[in-house]
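Here are a few notes to read alongside the coordinates.

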Amino acid sequence: MVTLGIIGVVSAMTVPSLMQNYQRQSYVTQLHKVYNEVQQAAVAQMNSKNAINLIEAGINSQTAANNFIKDNFKVVQTCTNTLTPCFAASYKMLSGSALSGHGADKTSYVLASGAAVRPGYYYGTTYGSVINLLIDINGPKGPNIAGRDVFILAIFNNGMIDEYSAMSAPASTASF
């Protein structure tokens, strides 16, 4: 009985950390998959138009940014309002504070991988990117925390991708 009790205590202490590690690795894998798909889509967009950058390839408006998603990804759902949500109703920062202005009410898409994306056209603004993609790698399912399963990827004119860092700041009120 004592041996079983010891095994039970050790299991109770070990299993939660194993589950957290598994979830963390799952999020990292999903983010890498989406990142690679976006990178390939940017290159494909430029190659298909025989262009040297995304603006020359026709990404010059919000409509073109939406078409970039529809043309380069397998879209399984299009959401245009909060009645058909692609994103969760609310998100949090890593610090625990609420994330506002995440654009859940704007045109969004659910990809075959289960990721939800919302493109925003920003060329010529202070962002420095052509398209910013709000991405929830597992759709409206939890934990819905910026930096864990929610990210903004900035696609620059030359096709390079980087994380838009305003979501990482704890006091951020980045509007998207």
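1. An open, antiparallel sheet is built from 6 strands in the order 1-4-5-6-7-8; strands pair if DSSP finds at least two bridges between them. From one strand to the next, the twist averages 25 degrees.

2. A word on the basis: this is a predicted model, in which local features need pLDDT of at least 70 and side-chain atom pairs count only at pLDDT 80 or more, while totals for chains, interfaces and linings use all residues. Residues are numbered from 1 along each chain as its sequence is written, and side-chain values use heavy atoms, leaving out hydrogens and water.

3. Within the sheet, strand 5 (residues 116-121) and strand 6 (residues 131-136) run antiparallel and are joined by 6 bridges. Tyr 121 has Ile 131 of strand 6 as its bridge partner. Helix 2 (residues 62-72) packs on the sheet, touching strand 1, strand 4 (108-111), strand 5, strand 6 and strand 7 (150-155); contact means heavy atoms within 4.5 Å.

4. Overall, the protein has 2 helices and 8 strands, with helices (H or I, at least four residues) and strands (E, at least two) taken as DSSP runs numbered from the N terminus. The elements run α-α-β-β-β-β-β-β-β-β from that end.

5. Met 1 is found in the segment before helix 1 (2-48). Why does Met 1 count as exposed? Its relative accessibility is 84%, and exposed means over 50% relative accessible area (1.4 Å probe, protein chains only).

Terms used: Buried means under 20% relative accessible area, exposed over 50%, partly exposed in between (1.4 Å probe, protein chains only). Axes are lines fitted to C-alpha atoms, for helices over the stretch in contact, and angles run from 0 to 180 degrees between N-to-C directions.
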